[in-house]
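Visitor: I keep meeting labels in descriptions of structures and wondering what stands behind them. Could we go through a few?

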Amino acid sequence: MNVLLIIVALWLLGVMAVFCWKNKLFRQTWREPYFADTPVLIESDDWGPGGVVDAERLAQLLACLESHHDTGKRTAVITADVVLSVPDVEKIIADPDFTYQRKTLDEAAPDIYKVMLAGIKSGAFVPQLHGLEHLNGQAFARLCQQNDPRIADAIADPYGWNWESLASPLQGHYVDGSQLPTQAISLAQAQAIIALATQTFQRLFGYPSVSTVAPCYLWNSVIESVWQQHAIQMIQTAGYRCDGRNEHSHYHQDKPLIRVGDLSNSGQIYLVRNVMYEPVDGRNTPDTAYLEALSAYAQALPVSISTHRYNYTRSEQDFQCSLDGLDQLLTQIRSTLPDVRFVSSPELGAQMLAADSVMINHFNGELWPPLKQLTGIKKIAPFLNRLHARHPKLTLLAGVTGLIVPAWLICRQSRQKLVQGSR
Ligand SMILES: [Zn+2]
């Protein structure tokens, strides 16, 4: 009997030690947002001026989204991260000082802009600021002046201006990547381009962009402070922030880990993409994306699908494959996950800033009920799932201490809810 008591006492001491050791992590994880509904977001970077097929491809993509509806009969919606302009190369070269000059989306690609406006009206398209352009204007003008071969392909593209033809370091917007390591732009440069970007965005789409994602995921806290001055309240991320690239062109992370709901130094909410659907890269498929969606659901996180424009604007075969896969992914999500709610990133951010408020698509005036969030003991199963998904060593420790048994029983209840929801 005494031996048994000693074993129990030691076990309790071990459990208490784990709780004391990881107390801060547990409290941080518990304070994160947890959703009772299943918010589903489709985040797609790089829409803007482009090739001759882009308008037609975007129209087909939006038609696919319009065929999917959530539990509240809302159509699937793409949060399209829009590049607002491209270089006006002829004017730059004709300028005696090689000053950077641009063509905005409506001038450079009126057909694409028209499809975007139609998508806004139907509810399948919500624009979000990606950047005034997808390059560094001053560096680009200097390379024009120097007749640098690194920009030759982009300038020569007969199908329209395509920054994707530039070497990757030259595609950053808030850094100068013409030489490595990259150099962050100055505060004055940031203020000038972000002021013009926010004005242009509002002129093109009738409402300000309250959320954004930086081209190439390259930005720093100075950029965040300028975004904040221009009422940008949410920052879309891939779970980290990079402030530059080193002499070997490797990305440098100055915030290696961002969780959804974390705050920037300027008070903005970070959003995090957690489902990768980039089939043209050959790294993920509808099936792998679906598994990531299931994991997000088990953690009561928004299902935030990343799928860039290039998946839909290259060859006809690539396009059909990407579109069919997205259709399949959305069908699987809708048929197996309960309470699916299609939302855009600025709407999700607004719900996190003011829970229980009516959700508004400010671009077309549609109103939707608030997203339901989990509170109290209902958060326990997704809380445990977050710890399990993120911290393998903690899972091992839970196994050694036996804590895995009650945790497994709680999470099993959660899985039963998933099965019931799929019926
Ligand atoms: Zn981009």
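This is a predicted model: local features need pLDDT of at least 70, side-chain atom pairs count only at pLDDT 80 or more; totals for chains, interfaces and linings use all residues.

Visitor: Why is the pair of Phe-201 and Phe-205 called tilted?

Guide: Start with the pairing: the ring centres are 5.0 Å apart, and rings pair if their centres lie within 6.5 Å. Then the planes: stacked needs under 30 degrees and edge-to-face over 60. Theirs sit at 55°, so the pair is tilted.

Visitor: Where do Phe-201 and Phe-205 lie?

Guide: Both belong to helix 9 (residues 187–205), with a spacing of four residues, or about one turn of the helix. A search of the whole structure turns up 10 aromatic pairs.

Visitor: What makes the packing of helix 11 and helix 13?

Guide: Helix 11 (residues 286–298) and helix 13 (residues 316–336) have axes 9 Å apart, at an angle of about 30°, and their crossing is right-handed.

Visitor: What lines the second largest pocket?

Guide: Its lining has 23 residues, with Cys-216, Tyr-217, Asp-281, His-308 and Tyr-310 nearest the centre. By class, the lining splits into nine nonpolar, seven polar and seven charged residues. The space in this pocket is about 600 Å³.

Definitions and conventions
Residues are numbered from 1 along each chain as its sequence is written. Side-chain values use heavy atoms; hydrogens and water are left out. Axes are lines fitted to C-alpha atoms, for helices over the stretch in contact, and angles run from 0 to 180 degrees between N-to-C directions. Helices (H or I, at least four residues) and strands (E, at least two) are DSSP runs, numbered from the N terminus. A crossing is left-handed if the near helix is turned anticlockwise from the far one by less than a right angle, and right-handed if clockwise. On a 1 Å grid over the protein atoms alone, a cavity is a set of points where a 1.4 Å probe fits but cannot get out, and a pocket is an open set with protein on both sides within 12 Å along at least five of seven lines; lining residues have an atom within 4 Å of a point. Grid points are joined across faces, edges and corners, and a volume is the space filled by probe spheres set on the points. Ala, Val, Leu, Ile, Met, Phe, Trp, Tyr, Cys and Pro count as nonpolar, Asp, Glu, Lys and Arg as charged, and the others, Gly among them, as polar. Rings of Phe, Tyr and Trp (its six-membered ring) pair if their centres lie within 6.5 Å; planes under 30 degrees apart count as stacked, over 60 as edge-to-face and the rest as tilted.
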